[in-house]
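Here is a briefing for a reader new to this structure. Look at the sequence and the model first, then read on by topic.

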Amino acid sequence: MSGAGQGQLGLGTLTPRRVPEAYIRAEVASFPLTHLKAFQTSLTVLDPQLDGRMSHSQPHPTRELWRECEKSLSEHASGWSLDRLIAVRDHFWFIPPGDADERQPLRGVPLHRYLRRLALTHLERRPGVTEVAQRSDIEAVDALTHYRWLTFALPEDLLLAAMPVSPPATRVNIEPPLLVRRLLDRGVTEIHHHIGAGMDFPLMWASLLSALGAPGLRSDAVQGPGLPSRDGEELLRWLLAAAVARCVLAEFLLRSDDALLPDFVWSLKRSRGWLPGRHRVLRQALEALARGRLALLPDFTALHGLYQDLHPTAARNSFEPPETLDEVWRRCDPLAVRLHLSKPNAGERWLVSHALERLEWLEAEAAKKEGAVKDELFSHLFWQVVRARCLTYRAYVQRPMTAGLQWFIRFYDRVHVARGPLSAARAEVSYHVAGGGQPIAALEVRITPASNSMTLAQDLWWLTRSWRHVLEQTGSSLGSGSTPEFGVVLHLNKSRDPRRQWARGAPPAYGMGTYAEPHPKSQEYEQVRLGGRFAEYFDKQSLMAQATADLLAAVPRMLWLVRGLDVAADELSVPTWVVVPLFRYVRQAAARAAASSASRNAPPLRMTAHVGEDYRHLMEGLRRIFECVYYQLDRSGGRLGHATALGVEPRIWAESVGAVMMPAEDRLWDLVFEWRLYSNHRLPVALSVQPPSGRPPQVENKLRELSELVFGRCYLPHQLAEAHHVLHQLWCPPLSRGEGGVGLDAFTRAFERLDWLQVQGHRQVRRLLHAYRDDEAVFQRGQRLVDIALDDSEVAALQTVQDGLRRLVGARGIVVEVNPSSNLLIGDLLDLRNHPILRLFPPQAQEGAPPPVPIALGADDPIVFSTFLLREYSLLHEAATGAGYSERVVQEWLTAIRQTSMDARFTVPWRPTALGMADELLHELEHYLRKPFIEYD
C-alpha cells in the first residue's frame with residue numbers, strides 16, 4: 001500500500017473514536033501512586049488476595065483501591081468489560097504466579113518493588129539519558145504511545161528516579177535522533193508559548209516548595225473545582241504536611257546509624273531546641289500524613305509556620321526571587337539548600353533514590369531474620385509524600401477526557417500559586433523548557449499586559465534581564481555565530497464573567513451575570529450595566545490596550561521586544577466583534593511608534609489569535625475563524641492559534657457527536673455566516689463557495705424562525721448579514737467617520753460615528769443592532785437552547801464552508817499554529833492520528849482535497865500539557881507514521897513544518913548584537929521606570 005493510501009486510511013478506519021487502551025492502562029498502573037483513595041488509606045503494599053476483612057477501624061487498602069479503580073474506569077472505559085480491567089490490574093499491580101524472579105508469588109507487593117518494576121517496564125536501564133523500552137511483542141509506536149499516556153498520569157521524573165542505575169537517569173529520549181539533529185542544525189523556533197505555564201513539573205514543584213513557605217501565603221490561594229481534595233485550603237494543608245515530611249525524611253536519611261524514624265522524630269525535640277508547641281505540630285502533621293487522616297491534621301497557620309522554620313530561603317525567594325535557573329534549583333527546594341545541590345531536580349531525585357534504597361534494605365533485613373523491627377512510619381510517610389506530589393501533578397497537568405477550554409482554564413489557573421519564585425527568571429526558564437535543554441533558534445513568549453504602562457514596563461524589564469542571561473549562557477551555540485531570538489506577544493484574555501463564577505465551577509443558568517448580559521440582575525449589579533453587552537469586559541481590556549499604546553509611544557524601541565498581539569483563553573465567552581477595536585487601536589499605536597526615528601527602524605507589530613479551537617457546533621468554530629481572518633487580522637497576514645475547526649473531518653465529527661445543543665443566538669449567527677458565504681454578501685472573491693443542493697432555502701427558513709425567536713420579530717437574511725458585517729466594522733471607513741477609541745462608552749460612540757447611509761437597509765439594521773446590544777429581553781431569548789440534528793445536510797454544509805475557508809486562509813498567507821498535545825487534550829482527539837493537521841497539511845497531497853494550509857508548531861503550555869517543543873515534533877512524527885506514511889515522507893513533511901515555523905515567527909534578530917540590543921532595551925526601560933542606571937557586563 002502506498003504512503004498516501006495508508007495516510008487516507010489512517011484518517012478514517014484506523015482511528016476509531018474510542019477511549020484509547022493506552023489511557024486505561026496508564027490510569028490503572030498509576031492508581032496506587034496517584035489516587036486519593038490510596039492517599040486516604042496510606043497504601044504501602046498491594047495485596048493480591050483482596051479478601052481481607054473490611055471494617056471502619058481496619059480497612060483493606062488494596063480492596064478499597066480496586067473498588068475505586070473499578071468504579072472510576074468502568075464509567076470511562078467505553079466497551080471495556082470487567083474481565084479486561086481486571087487483567088490490566090493484575091498485569092501492573094501484582095507479580096505473575098510462577099515468575100522465576102520471585103520467590104514468593106501471589107504475596108503482597110511493596111510499593112518500592114512496584115515502582116521499580118513500573119519504571120523498568122517502560123524504560124531501559126541506562127544511566128544519564130535513557131529510552132522507552134521496546135518489547136518484542138509491542139510495536140515501537142505502541143510503546144511510545146503507552147509511555148506518553150503514562151506520563152499524563154504521573155510525573156516522568158518519578159519513573160527516572162526509580163530506575164536502579166548509577167548515575168541516575170535524568171532524561172528520556174523519545175524523540176527520533178535524526179529528526180532532532182536536523183531540527184537543531186537548521187534551527188527550530190517556539191512560536192506558541194505561554195510564559196505563565198512555561199515551566200516543566202520538576203521546576204514547578206521546586207518553585208511550589210518555595211512558595212509554600214512564603215510569608216504572604218494565604219489559605220485560600222488555591223481555589224476552583226476539580227481539585228484532588230474538598231477545597232483549596234485542604235489541599236494546601238496536605239501539601240504543607242508533605243513538604244514538612246520531605247525535610248524530616250531527608251534529615252533522617254542523612255544519618256548513618258540504624259535508628260528508626262519515630263525515635264528520630266522524638267530526638268528532634270532536643271536537638272533543634274524547638275518550643276513544645278512547634279514539636280507538637282510536627283508530630284501531629286506526620287501522624288496525620290502517615291495515616292491520611294484529615295481530622296488529625298493541624299490547621300493552616302500552624303503548618304505554615306512550621307514549614308517556614310524548615311525552609312531557610314523561602315522568605316527571601318518571595319521578595320527577592322532567584323534571577324537565574326541555577327539559583328532556582330539551589331534556593332527553592334529545601335532539600336537542595338540543605339544538601340548544597342545545584343543540579344536540576346537534584347533534591348527530589350536524592351530523596352526518592354535514597355528512600356527506595358532504605359526500603360529495600362529494610363525488606364532485606366526482614367528476610368534475614370524473622371521478627372526484625374520494621375520502620376512502618378518511614379514507609380507510610382515516604383509514600384504519602386510521593387502521592388501528594390503525584391496528586392499535585394494531576395491537579396496541574398490537564399487530565400485526558402476533559403475537552404474544551406473551560407476545563408483547561410481550571411488547570412491553568414492553579415499554576416499561579418507556584419509562579420512567584422520563578423518570576424525573575426521566566427525568560428530563561430521558558431527557553432530551557434521549550435527546547436528540553438537544547439538550544440533553539442527563537443522563542444516567543446506570551447504574557448497578559450498589565451493595566452498600566454509602568455507595570456507593563458517592569459514586566460518587560462524583568463523578561464529582558466532574564467533573556468540577557470540566556471544570551472550570556474548560549475553565546476554562539478547555535479552555529480554560524482548566531483544567537484537565539486526573543487520576542488514577547490501580548491495577549492488579551494477572554495473571560496466569561498466579572499465574578500468568575502464559571503471559573504469557580506458555579507455558572508448561573510442561561511448566561512446570567514456574564515459580560516454578555518446587558519442588564520444583569522444580581523447582588524453585584526443594582527443598576528443597569530452601562531454601555532450594553534460586553535462593555536464592562538471591553539473597558540477592562542481597554543486599560544491593557546491603553547497601557548500598551550502608552551508604552552510604545554514613550555519607548556518606540558520596545559517594538560524590537562514586543563512583537564505581537566494575541567487574544568486567548570475562554571474562546572466562547574466573548575465574540576470577535578468585541579476585540580476587533582482593541583486590535584485596531586493597538587496596531588495603530590504600534591504603527592505610529594514604528595514610524596518614529598526613536599524606534600531604530602523597528603519592524604511592525606504582528607497579529608495572531610486563538611480561535612476555532614473550542615466550539616459546540618463545528619460551524620461555530622468555522623464562523624469564528626472567518627470573523628478573525630476577515631475582520632481582526634484584516635490583510636496583515638498573521639497567524640491563527642490552533643484553528644482545529646479547519647482540519648476536523650466534518651462527517652467523522654458529526655458521527656461522533658450526533659446532535660448539538662446550543663444557545664439560539666449563537667446558532668443564528670452561525671447560519672448568518674453560512675448564508676453570507678452562499679450569497680457572497682460583502683465577502684472577498686477568495687471565499688466564494690458553491691452551496692450544497694437545497695441548503696440555501698433551509699438556511700433562510702431557519703434564519704426567519706430564529707430571528708423571530710431571538711429578536712421578537714422576523715428579519716430577512718440580508719438584514720441579518722448586514723448587521724453581522726457592521727458589528728465587526730464599527731471603527732472602519734467607510735462605515736465609520738472617525739478613528740476608534742477605547743473605554744466604557746466606546747461602542748456607544750462608535751454607533752454615533754457610523755455613517756448609516758453606507759449601511760444597506762440601515763433602519764432595520766440599526767434597530768436590530770441596538771436591540772442586540774442593549775435589550776435584556778433579546779439576550780434572554782437568545783439564551784434559549786436549540787437542538788440541532790447533524791444530518792447529511794449539516795455535514796455537506798460543513799464540508800463546503802470548511803473548504804472555502806481553507807482557501808481564504810491560504811490566499812491570505814495566514815499560518816495556523818498547531819500544538820499537538822494541547823489539541824489532543826482540549827479537543828479530546830483521543831488519538832494523535834485524529835489530529836486535524838493530517839488534513840490541514842497532509843504529508844502527501846491527496847486527490848480532490850482542498851489546498852493545504854501552512855502550519856507552524858508550538859508547545860502552548862508546557863506544564864499544563866506536560867510537553868515541550870521537540871517532543872511536539874516527535875508526536876507529529878508518531879502520528880504520521882502511525883497513519884501509515886513512510887519515514888521519508890514524514891521527515892520531509894516535518895522539515896516543511898519547521899521551515900514554515902521559522903518563516904512565520906514574529907521575532908527578529910537584534911542588531912548589531914543581541915547583547916547590545918538587550919542592554920539598550922534595559923536602559924530605555926530603566927529610564928522610563930526612573931530606575932537607577934545599571935552597568936551591564
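Phe534, Phe538, Trp577, Trp669, Phe747 and Tyr772 are linked into a cluster by ring pairs. Rings of Phe, Tyr and Trp (its six-membered ring) pair if their centres lie within 6.5 Å; planes under 30 degrees apart count as stacked, over 60 as edge-to-face and the rest as tilted. This is a predicted model, where local features need pLDDT of at least 70, side-chain atom pairs count only at pLDDT 80 or more, and totals for chains, interfaces and linings use all residues. Residues are numbered from 1 along each chain as its sequence is written, and side-chain values use heavy atoms, with hydrogens and water left out.

**Aromatic pairs**

- Across the whole structure, a search finds 27 aromatic pairs.
- Tryptophan 93 counts as buried because its relative accessibility is 0%. Buried means under 20% relative accessible area, exposed over 50%, and partly exposed in between (1.4 Å probe, protein chains only).
- Phenylalanine 94 has a relative accessible area of 6%, so this residue is buried too.
- Phenylalanine 751 and tryptophan 756 form a tilted pair, at 6.1 Å centre to centre and 45° between the planes. Both phenylalanine 751 and tryptophan 756 are buried.

**Charges over rings**

- Arginine 89 lies over the face of tryptophan 66, 4.7 Å from the ring centre. For this, NZ of Lys or CZ of Arg must be within 6 Å of the ring centre and within 35 degrees of the ring normal.
- Arginine 496 places its charged end over the ring of tryptophan 502, 4.2 Å from the centre.

**The sheet**

- Eight strands form an open sheet with parallel pairing, in the order β5-β6-β7-β8-β9-β10-β13-β14. Helices (H or I, at least four residues) and strands (E, at least two) are DSSP runs, numbered from the N terminus. Two strands pair if DSSP finds at least two bridges between them.
- At the edges are β5 (189-190) and β14 (855-857), each pairing on one side only.
- Strands β7 (residues 485-494) and β8 (residues 562-569) pair in parallel over seven bridges. Here leucine 492 stands opposite valine 567 in β8.
- Strands β9 (residues 606-611) and β10 (residues 639-642) pair in parallel over four bridges. Histidine 610 faces glycine 641 of β10 across this pairing.
- Arginine 639 has valine 815 in β13 as its bridge partner.

**Nonpolar cores**

- The largest nonpolar core has 164 residues, and Leu460 and Leu640 have the most contacts inside it. Such a core is a set of buried Ala, Val, Leu, Ile, Met, Phe, Trp, Tyr and Cys residues joined through side-chain atoms within 4.5 Å.
- Helix α25 (residues 576-595) gives the most to this core, with eleven residues.
- Another core of 148 residues lies apart from it, including Val248, Cys332, Ile409 and Ala879.

**Helix α22**

- Helix α22 (residues 426-434) is mostly covered, with seven of its nine residues buried.
- Those buried residues are Ala427, Glu428, Val429, Ser430, Tyr431, Val433 and Ala434.
- Glycine 436 follows α22, and its phi is positive, near 60°.
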